[in-house]
Amino acid sequence: MVLVVESMFGATMRLAQLVAVGCASLDARCDVIEAGCAVGRVPPDRDLLVLACPTHMRHAPTSRTREMAAADGIVLSMTGVTDWLATAGLRRDEAIAVFDTRVDAPFAGSGAKELARQVRRAGGELLVPPASFVVVGRHGGPAPGEEDRAYAWGRELVRAVSTVGAEKK
Ligand SMILES: Cc1cc2nc3c(=O)[nH]c(=O)nc-3n(C[C@H](O)[C@H](O)[C@H](O)COP(=O)(O)O)c2cc1C
């Protein structure tokens, strides 16, 4: 399993790592790679590709919203997971999972829903519905309980991959 993550202030990266820990608890490996480092480095024979980003302006980040984030603090990445996806070349019907981080507010939007749309357009297929994890404001990190949810979601992914694998046999 490979998880390509974009994160400005570290919350999405932290949750990505907890997803990987959840996978490891079921003896499944999940390599986490930051979107800016991912071009040409993600093996094509992955059993599941996971994409993750923060929600910006109700959608997946763009170069403009990343600039806005960078004007508001030190950021981890200036490359988007959607930039990577545009270069990635998904296999037809490749199994994908997506998640975002967002604040707990009405009309917060969802970066993951947009990732899901882009994945489908690129020929991929969602293995599980898009997931969202709540953060505390722009820089406050994951809200209480969200790290546990990310760990549990990682375990859910492993079970979903093995169910699909068993059905194909
Ligand atoms: C420019 C900008 C726009 C944002 N817009 C939204 C938004 O529309 N909805 C939302 O839920 N959160 C919004 N946020 C808050 C981000 O969701 C939050 O900073 C992010 O999830 C934290 O994850 P990160 O530390 O991995 O960057 C915005 C943040 C920035 C910097």
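Predicted model: local features only at pLDDT ≥ 70, side-chain atom pairs only at ≥ 80, totals over all residues.
Where is the place of Phe107? Phe107 sits in the loop between strand 4 and helix 5 (111–121).

Most residues other than glycine have a negative phi. Phe107 is not a glycine, yet its phi is positive, at about 60°. Asp93 also has a positive phi without being glycine, with a value near 65°. Asp93 lies in the loop between helix 4 (81–88) and strand 4.

**Helix 1**

Helix 1 covers residues 11–24, which is 14 residues. From its first C-alpha to its last it reaches 20 Å. That is close to the 20 Å expected at 1.5 Å a residue.

Why is helix 1 described as largely enclosed by the rest of the structure? Because 10 of its 14 residues are buried. To count as buried, a residue needs 20 or more other C-beta atoms within 10 Å of its own. Among the buried residues of helix 1 are Met13, Leu15, Leu18 and Val19. Ala11, Thr12, Gly22 and Cys23 are buried as well.

What do these buried residues pack against? Their partners include strand 1 (2–5), strand 2 (31–34) and strand 3 (49–54). Strand 4 (95–103), strand 6 (131–135) and helix 6 (146–168) are partners too.

**Around the ligand**

How many residues surround the ligand? There are 23. The closest are Met8, Phe9, Thr12, Arg102 and Ala108. Thr12 is also one of the buried residues of helix 1. Helix 1, helix 3 (63–70) and strand 4 each supply at least two residues of the shell. By class, the shell has 11 nonpolar, eight polar and four charged residues.

**Ser63 in helix 3**

Ser63 is found in helix 3. It has 10 other C-beta atoms within 10 Å, so Ser63 is exposed. How far apart are Ser63 and Met78 in space? Their C-alpha atoms are 7.4 Å apart. In sequence, Ser63 and Met78 are 15 residues apart.

Terms used:
Residues numbered from 1 in each chain as written. Helix = DSSP H or I, 4+ residues; strand = E, 2+ residues; numbered from the N terminus. Expected span 1.5 Å × (residues − 1). Buried ≥ 20, exposed ≤ 12 C-beta atoms within 10 Å, placed from the backbone. Contact = placed C-beta atoms within 7 Å. Near = placed C-beta within 6 Å. Nonpolar A, V, L, I, M, F, W, Y, C, P; charged D, E, K, R; others polar.
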